[in-house]
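Here are a few notes to read alongside the model. Have it open and follow the points in order.

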Amino acid sequence: MTPTDSTQNQISWLAVPTETDVPEGVRKLWTKAEANVGFVPNVFRAQALNGEQFLAWWGYFNLLLNKEGFLTPLEREMVAVVVSGANRCIYCAVSHGAALRELLQQAGENPQTADLVAVNWRHASLSPRRAALCAYAERLTLHPAEVAEADLQTLRDVGLSDQQILELVQVIGMFNLTNRVSGALGFLPNAEYHGQVR
């Protein structure tokens with residue numbers, strides 16, 4: 001099927017495997033996702049076309065985004081949304097925008113801030129620390145060849161440790177990778193993401 005043949009139900013421009021086509025580890029992950037969030041994310045289905053590669057990607061992605069780290073979960077999701085917005089990645093901007101709305105609401109903050117961050121974080125009235133994270137994420141995404149050691153000083157000025165800076169760079173790198181895959185193959189987000197925390 002070519003991109004011009006796409007329909008609303010198509011989640012990738014490539015073939016999407018069924019449960020019988022994927023390794024046991026992928027089936028277990030799909031079942032766990034269904035139990036935890038109520039659906040299987042389309043990126044889980046689309047990338048499972050190469051099952052073992054998908055599981056390797058998921059292991060690192062899960063470690064960076066869902067486990068306890070050096071940055072807060074809210075900070076990591078905010079960076080994910082900035083990178084995805086800069087790359088115009090529909091899948092990640094929508095799905096991680098939903099996650100950011102949820103984390104903002106849990107923190108007692110306005111969940112609509114997530115929409116501002118997705119389009120232009122400068123309009124979101126962020127703290128100096130969050131603004132520095134977003135500015136660095138945008139710079140590394142859009143102008144990687146221009147990034148220099150001096151750019152780290154802005155991060156240190158708002159209190160980031162070396163471990164936090166490394167994790168920030170890893171999250172930015174992960175989303176640039178994931179955005180490229182999602183954008184190149186036409187991944188579409190699950191409908192459920194659009195209505196979360198609205």
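1. First, a term: a helix here is a DSSP run of H or I with at least four residues, and helices are numbered from the N terminus. Keep in mind that this is a predicted model.

2. Let's start with helix H9, residues 162–184. H9 has 23 residues and reaches 33 Å from its first C-alpha to its last, close to the 33 Å expected at 1.5 Å a residue. Just after H9 comes Gly 186, with a positive phi of about 70 degrees.

3. Which residues in H9 are buried? They are Gln 164, Ile 165, Glu 167, Leu 168, Val 171, Ile 172, Met 174, Phe 175, Asn 176, Thr 178, Asn 179 and Ser 182. What covers these buried residues of H9 includes helix H3 (51–66), helix H4 (73–86), helix H5 (90–106), H7 and helix H8 (151–157).

4. Now for some backbone angles.

5. Take Ser 125: its phi is near 50 degrees, a positive value in a residue other than glycine. You'll find Ser 125 in the loop between helix H6 (113–120) and helix H7 (128–142). Is Ser 125 buried or exposed? Ser 125 counts as exposed because its relative accessibility is 72%, and the cut-off for exposed is over 50%.

6. Val 197 isn't a glycine either, yet it has a positive phi of about 55 degrees. Look for Val 197 in the segment after helix H10 (191–195). With a relative accessible area of 21%, Val 197 is partly exposed; buried would need under 20%.

Notes
Residues numbered from 1 in each chain as written. Predicted model: local features only at pLDDT ≥ 70, side-chain atom pairs only at ≥ 80, totals over all residues. Heavy atoms only, no water. Helix = DSSP H or I, 4+ residues; strand = E, 2+ residues; numbered from the N terminus. Buried < 20%, exposed > 50% of the residue type's maximum accessible area, 1.4 Å probe, protein only. Expected span 1.5 Å × (residues − 1). Contact = heavy atoms within 4.5 Å.
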